[in-house]
Amino acid sequence: MALSGYKKDGRELRIFENVDELSCNFAEYIAELSEVSIKERGVFAIALSGGSLVKLMGKLCEAPYNKTVDWAKWYIFWVDERVVAKSHADSNYKLVKDGFLSKVPIVHGHVHSINDSVTAEQAAEDYEFVIRQLVKTRVVSVSEINDCPKFDLILLGMGPDGHIASLFPNRPAFNEKEQWVTFITDSPKAPPERITFTLPVINSAANVAVVATGASKAEAAHVAIDGAGADYPVLPAMMVRPINGELVWFLDIAAASKIEVANFSE
């Protein structure tokens, strides 16, 4: 149960007393969207990020979800990935495999990770090609507004600098509009080489969730949700606004401590 729930301008904020309560609601949210998507389309296409998100999804691996979710209909993608070997400690694939995929019966062939044996540029091209093929077969829907893929759910974490996926402030990838998947070789966070969904793809999703916990995220959450002043750069997290979808922010009290909730309706 959210300590507080607020809505404004097509965005929903769910603020929780602690991370455990957040993770319980987060699992329920994902399971409900999975059920709806499978009833409507026969599949559930979900794109994941790394970081603490995987741990927060942990309740899905427990009762009742481990038995009630139709895992055979899930298709897994990565919103961003580090261009390292899948066995490397920095790999988002390894993080998701160890913390989630190894604990639920998702079909191996439904798990779409990047080619880790090529350059970042080639890995981005290859991954976009894979997604385009799956859009053709409607495993992934297509947006009614543009030609972008329409994932059923995209899950994003947010860094203290306001980055989401591997879209960092003041980096060219942040402004990429033509490609579905782009690459960077100068990430301010190691490792430097990464692939990432672009903002048009993120904002074409049917549902997007942004998760932020801890006091280190409070300022970025405030700027992203309340809007930046003239002295602030535009943060990638500010630009997450699904065109024809739903956006939910999941925050604990520490991350939400600077948000002006009086501007939202309960």
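**Exercise 1. Which residues does histidine 222 touch, not counting residues up to four places away in sequence?**

Step 1: Contact here means heavy atoms within 4.5 Å.

Step 2: Read off the partners. Histidine 222 touches Gly227, Lys258, Ile259 and Glu260 once residues up to four places away in sequence are left out.

Step 3: Histidine 222 lies in helix α7, residues 218-226. Helices are DSSP runs of H or I with at least four residues, strands are E runs of at least two, and both are numbered from the N terminus.

Step 4: Check burial. Histidine 222 counts as buried because its relative accessibility is 17%; buried means under 20% relative accessible area, exposed over 50%, and partly exposed in between, with a 1.4 Å probe and protein chains only.

A word on the ground rules: this is a predicted model, where local features need pLDDT of at least 70 and side-chain atom pairs count only at pLDDT 80 or more, while totals for chains, interfaces and linings use all residues. Residues are numbered from 1 along each chain as its sequence is written, and side-chain values use heavy atoms, with hydrogens and water left out.

**Exercise 2. What kind of aromatic pair do tryptophan 71 and phenylalanine 100 form?**

Step 1: Set the cut-offs. Rings of Phe, Tyr and Trp (its six-membered ring) pair if their centres lie within 6.5 Å; planes under 30 degrees apart are stacked, over 60 edge-to-face, and the rest tilted.

Step 2: Apply them. The ring centres of tryptophan 71 and phenylalanine 100 are 5.8 Å apart and the planes sit at 70°, so this pair is edge-to-face.

Step 3: Find the two ends. The pair links distant parts of the chain, 29 residues apart: tryptophan 71 is in the loop between α3 (65-68) and β4 (74-78), and phenylalanine 100 in the loop between α4 (92-99) and α5 (120-136).

Step 4: Look at burial. Tryptophan 71 is buried at 3% relative accessibility, and phenylalanine 100 is buried too, at 0%.

**Exercise 3. Where does the charged end of lysine 86 sit?**

Step 1: Recall the test. A charge sits over a ring if NZ of Lys or CZ of Arg is within 6 Å of the ring centre and within 35 degrees of the ring normal.

Step 2: Apply it. The charged end of lysine 86 sits over the ring of tyrosine 93, 5.9 Å from its centre.

Step 3: Arginine 132 lies over the face of tryptophan 180, 3.8 Å from the ring centre.
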